[in-house]
Amino acid sequence: MLINMIDFRSDTVTKPSSEMLDAMLATPLGDDVYKDDPSVNAFEQKMATLSGFEAALIMPSGTQSNLCALLAHCGRGEEYIVGQDYHTYIYEAGGAAVLGSVVPQPIRVKKNGELSIDDIRSVIKPYDQHFAKSKLISLENTHNGKAIELDYFKRVRSLANENGLIVHLDGARIFNAITELNIELKQICQYVDSISICFSKGLGAPIGSVLCGDREFIERAKQIRKMAGGGMRQAGLLAGAMDYALEHNVKRLQNDHDNALLLATKLSNIEQFTVEHQTNMVHIDVDSSINQELLAKLLAAEGIKVSPGGRLRLVTHLDIAKADVIYASETIKDIIEMMLEAQK
């Protein structure tokens, strides 16, 4: 039986290293609801400084972080403008609408992951009793692995200022974005009012996200977090894992990007694949002659996990080495050839 699988399904599957676990065990603890967990307090201040905001707040998940942000920024019957394919709209169970009566206004996402400035402008509502009040623009970086350029955020900020709107950034993989763009976190954060950052993806923490913004906003978000069941006690365990990730795993993200590029390059030689690569993600349009479900089963038998269906996505992360990429690409090629031969 194969035990150590090479798992390309997502960068959420990473396991904390022994060094991260040691750091968690050594982390001083307190009761965060009483505001006396020293590790939480120190890490939140560290993230506020790094992002250039006044304050930060640890959350259990990116979904809760985005939810608290939307509900802290928007009131009942107010509207947030969001990409049709963005996580805050399609993959977070409609939380803002269900729990906060905040109305989503989805619009088309461009191929490069941006929302068209003209499309955003076209759905901003004039003041009228018939309409929900446009309040916020919700962006995403990275989107499907695509790193959104800094100038785009500058242009959205200008549009938001013209119309009195707030800008929130779902920055679940923001460190992948700034690694790709070779910029600092503050440079993007200067153009948004809040950002949610996830540490349980490519950064390797077992759990945890951080919401950053001004002090008044974070206080509102903290009350909403409590209502949503996110008031944690000895949360310094999470702070310890995230702090370790910040100090050790951000600087190695380029390795994941390089591995994804290598994987994409090798898989591009397969005639039945149309391959696209961005940061740590490889997206593949698979020819209809290939049964993806069967492909996934055959790969699993060789120690490789993928998620079949639709556009095939392979994600590199800290638990995947260059040797794994080489083995996986050669194995995928061999299995595709075997499948095609069996069809003759």
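**Met47 and the cores**

I started at methionine 47, which touches Ala56, Leu185, Ile197, Phe199, Val210, Cys212 and Leu246, leaving aside residues up to four places away in sequence. Contact here means heavy atoms within 4.5 Å. Before going on I noted that this is a predicted model, where local features need pLDDT of at least 70, side-chain atom pairs count only at pLDDT 80 or more, and totals for chains, interfaces and linings use all residues. I also noted that residues are numbered from 1 along each chain as its sequence is written, and that side-chain values use heavy atoms, with hydrogens and water left out.

Which residues touch the most other members of the largest nonpolar core? They are Met47, Ile174, Phe175 and Phe199, in a core of 79 residues. Helix H11 (residues 236–248) gives the most to this core, 7 residues. I also found a second, separate core of 26 residues, which includes Leu263, Leu267, Val306 and Met339. For the term: a nonpolar core is a set of buried Ala, Val, Leu, Ile, Met, Phe, Trp, Tyr and Cys residues joined through side-chain atoms within 4.5 Å. Buried is under 20% relative accessible area, exposed is over 50%, and partly exposed is in between (1.4 Å probe, protein chains only). Helices (H or I, at least four residues) and strands (E, at least two) are DSSP runs, numbered from the N terminus.

**Helix H8**

I looked at H8 (residues 174–181) next, and 7 of its 8 residues are buried, so the helix is largely enclosed by the rest of the structure. Ile174 and Phe175 are among the buried ones, and both also turned up in my list for the largest core. After H8 comes asparagine 182, with a positive phi near 60°.

**Strand S5**

S5 (residues 133–140) is mostly covered, with 7 of its 8 residues buried. I checked its partners, counting two strands as paired if DSSP finds at least two bridges between them. S3 (residues 78–83) pairs with S5 in the parallel sense over 5 bridges, and S6 (residues 166–171) also pairs with S5 in the parallel sense over 5 bridges. Serine 138 stands opposite valine 82 and opposite histidine 168 in S6. From S5 the chain crosses through helix H7 (residues 150–163) to S6 in a right-handed β-α-β crossover. Right-handed means that, with the strands pointing away from the viewer, the path from the first strand over the helix to the second runs clockwise.

Threonine 142 is in the loop between S5 and H7, and a cis peptide bond joins asparagine 141 to threonine 142, omega about 0°. Asparagine 144 is in the loop between S5 and H7 too. Its phi is positive, about 50°, although asparagine 144 is not a glycine. Most residues other than glycine have a negative phi, and most peptide bonds are trans. Buried or exposed, or partly exposed: which is asparagine 144? I read asparagine 144 as partly exposed, at 40% relative accessible area.

**Largest pocket**

Asparagine 144 came up again here: with Asp85, His87, Tyr91 and Glu140, it lies nearest the centre of the largest pocket, which is lined by 29 residues. H3 gives the largest share of the lining, 3 residues.

**Ala235**

Last, I looked up alanine 235, in the loop between helix H10 (215–227) and H11. Alanine 235 is buried, at 3% relative accessible area, and touches Asp32, Asp37 and Val40, leaving aside residues up to four places away in sequence.

Technical notes:
On a 1 Å grid over the protein atoms alone, a cavity is a set of points where a 1.4 Å probe fits but cannot get out, and a pocket is an open set with protein on both sides within 12 Å along at least five of seven lines; lining residues have an atom within 4 Å of a point.
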